[in-house]
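This briefing goes through a protein chain by topic. Please keep the sequence and the model open while reading.

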Amino acid sequence: MSNTKLHIQNGSCPVYKKCGGCQLQNLSYPEQLKFKQRKVEKLLGRFCRVEPIIGMEEPYHYRNKVQAAFYTNRQGKIISGVYQSGTHHVVGIDSCMIEDRLADKIIVAVRKLLPSFKMTTYNEDARKGFLRHVLVKRGFATGQVMLVLVTATPVFPSKNNFVGAIRAQFPQITTVVQSINPHATNLVLGDRQSVLYGKGYIEDELCGCRFRISPKSFYQINPVQTEVLYGKAIEFAGLRGSETVLDTYCGIGTIGIIAAKHGAGRVIGAELNGDAVRDAIVNAKLNGLKNIRFYKTDAGDFMREAARESERPDVVFMDPPRAGSSEVFLDALTLMSPKTVVYVSCNPETLARDLDHLCKHSAYKIKKIQPVDMFPHTQHVECVALLTRDKNSRKS
Ligand code: SAH
């Protein structure tokens, strides 16, 4: 890694304070890693030794998903960028040191095209106007690019010409989707969408498997570190072949599908987001796997039902959102008592809370905790924890 580059870039972002995204930017990258290591040790060190955090070789431009809010100021100038932290005031940004460079360029080009197509931007206060956000997702391995235009209203008269104009500049764009979001909400994407060009999704590859990703499906934003993270999760699972594996909070099925490729005998996935579940079902087929099923359900309900039906998995992967898991989930997990639990967490605070619950109410021991830096320059840190239960200690 080039230290000069780190030195020059650190703290040099002009909107560092206003954006609030890269909270650790004032620290050098090695200092950031130390900071995150200490944070994880403070929160989780009482469970077991924390392995040294795995950082990135090149901790820049790693975000494969970039979104920008659009706004027209009093002088009639169109601005695209991020909301100032804690507000809905748009801070103009043309490029960002953690975002994919091509995605940033596409967003600027969309902004420059708007006037010639008489496309207005949405004003949240007046609840008038057309374009609210632009989202770009890029497949790291495949190079496929999805452009999503989030509009307040469905009618888009110049859509074909607009798609033609943006694709003429960026032939890398493989699909364009209009997402219609008329609601006063903090959610970026709306409930309705219409495919303007291409297939309406992109594909990417991770750990030797291929995945389809729809606009609303969750997909890890740092592909280089995702391979590291999933590699650790699979290593911790210790699959030998023929195990029954649950992949809970499975998104588009990534972890379960990679586990199946590593010999798991049977995989069952559970996920709340219907679009992600549809992707997961296609993804199992894309990878030639027949031993996987996916359910669209709350993970806690799924676990309770599985426990009631006396399902006895060997390995449970769990990868909940920042809020962590639920007591319903953890109690059902304790009932089913798989030999191995691999908990992938993007929030060490809720991970600590959930591990506390399990230590109190079950026979699980925390064997390993591996932090992975998925989000350089931000305060966020990902961890994989390995839990195993003592032999013959099925608690019920
Ligand atoms: N394992 C996947 C997704 C992890 S992100 C991956 O690595 O890509 C967490 C996922 O949990 C998201 O897909 C989100 O839609 C889903 N989710 C959130 N709350 C849930 C719940 N209560 N039950 C099931 N899934 C949930």
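**Salt bridges**

Asp94 and Arg111 form a salt bridge, with the closest N and O atoms 2.8 Å apart. This pair links distant parts of the chain, since Asp94 sits in the loop between β3 (90-92) and α4 (101-113) while Arg111 belongs to helix α4, 17 residues apart. A salt bridge here is a side-chain nitrogen of Lys or Arg within 4 Å of a carboxyl oxygen of Asp or Glu. The model is predicted: local features need pLDDT of at least 70 and side-chain atom pairs pLDDT 80 or more, whereas totals for chains, interfaces and linings use all residues. Residues are numbered from 1 along each chain as its sequence is written, and side-chain values use heavy atoms, with hydrogens and water left out.

- By this rule the count is 15 salt bridges.
- Asp94 is partly exposed because its relative accessibility is 42%, and Arg111 is buried because its relative accessible area is 14%.
- Buried means under 20% relative accessible area, exposed means over 50%, and partly exposed lies in between (1.4 Å probe, protein chains only).
- Glu51 and Arg49 meet through their side chains in a salt bridge of 3.2 Å, N to O.
- Arg49 counts as exposed because its relative accessibility is 58%.
- A further salt bridge joins the side chains of Lys232 and Glu235 (3.2 Å, N to O).
- Lys232 and Glu235 are three residues apart in helix α6 (residues 223-237), so about one helical turn separates them.
- Glu235 is partly exposed because its relative accessibility is 44%.

**Domains**

- The protein is divided into domain 1 (30-57 + 222-389) and domain 2 (65-202), with bounds that come from an automatic or database domain assignment.
- The C-alpha centres of domain 1 and domain 2 lie 33 Å apart.

**The sheet from β1 to β7**

- Seven strands form an open sheet in the order β3-β2-β1-β4-β5-β6-β7, with mixed pairing.
- The edge strands are β3 and β7 (192-197), each of which pairs on one side only.
- Neighbouring strands of this sheet are turned by 35° against each other on average, direction ignored.
- Helices (H or I, at least four residues) and strands (E, at least two) are DSSP runs, numbered from the N terminus, and two strands pair if DSSP finds at least two bridges between them.
- Strand β4 (residues 131-138) pairs with strand β5 (residues 145-151) in the antiparallel sense over seven bridges.
- Val134 has Leu149 in β5 as its bridge partner.
- Helix α5 (residues 159-169) lies across β5, β6 (173-180) and β7, and runs at about 60° to β7.
- Contact means heavy atoms within 4.5 Å; axes are lines fitted to C-alpha atoms, for helices over the stretch in contact, and angles run from 0 to 180 degrees between N-to-C directions.

**The sheet from β10 to β16**

- Another open sheet of seven strands has the order β12-β11-β10-β13-β14-β16-β15, again with mixed pairing.
- β12 (292-296) and β15 (364-372) stand at the edges with a single partner strand each, so one side of each has no neighbour in the sheet.
- The twist from one strand to the next averages 15°.
- α7 lies across β10, β11, β12, β13 and β14 (340-345), running at about 165° to β12.
- Helix α10 (residues 327-336) packs on the sheet and touches β10, β13, β14 and β15, its direction making about 165° with that of β13.

- Strand β10 (residues 244-248) is largely enclosed by the rest of the structure, because five of its five residues are buried.
- Thr244, Leu246 and Thr248 point one way from β10, Val245 and Asp247 point the other way, and all are buried.
- β10 pairs with strand β11 (residues 266-271) in the parallel sense over five bridges, and Val245 stands opposite Val267 in β11.
- From β10 the chain crosses through helix α7 (residues 254-261) to β11 in a right-handed β-α-β crossover.
- Right-handed means that, with the strands pointing away from the viewer, the path from the first strand over the helix to the second runs clockwise.
- β10 also runs parallel to strand β13 (residues 315-318), joined to it by four bridges.
- In β13, Val315 is the bridge partner of Val245, and Met318 stands opposite Thr248.
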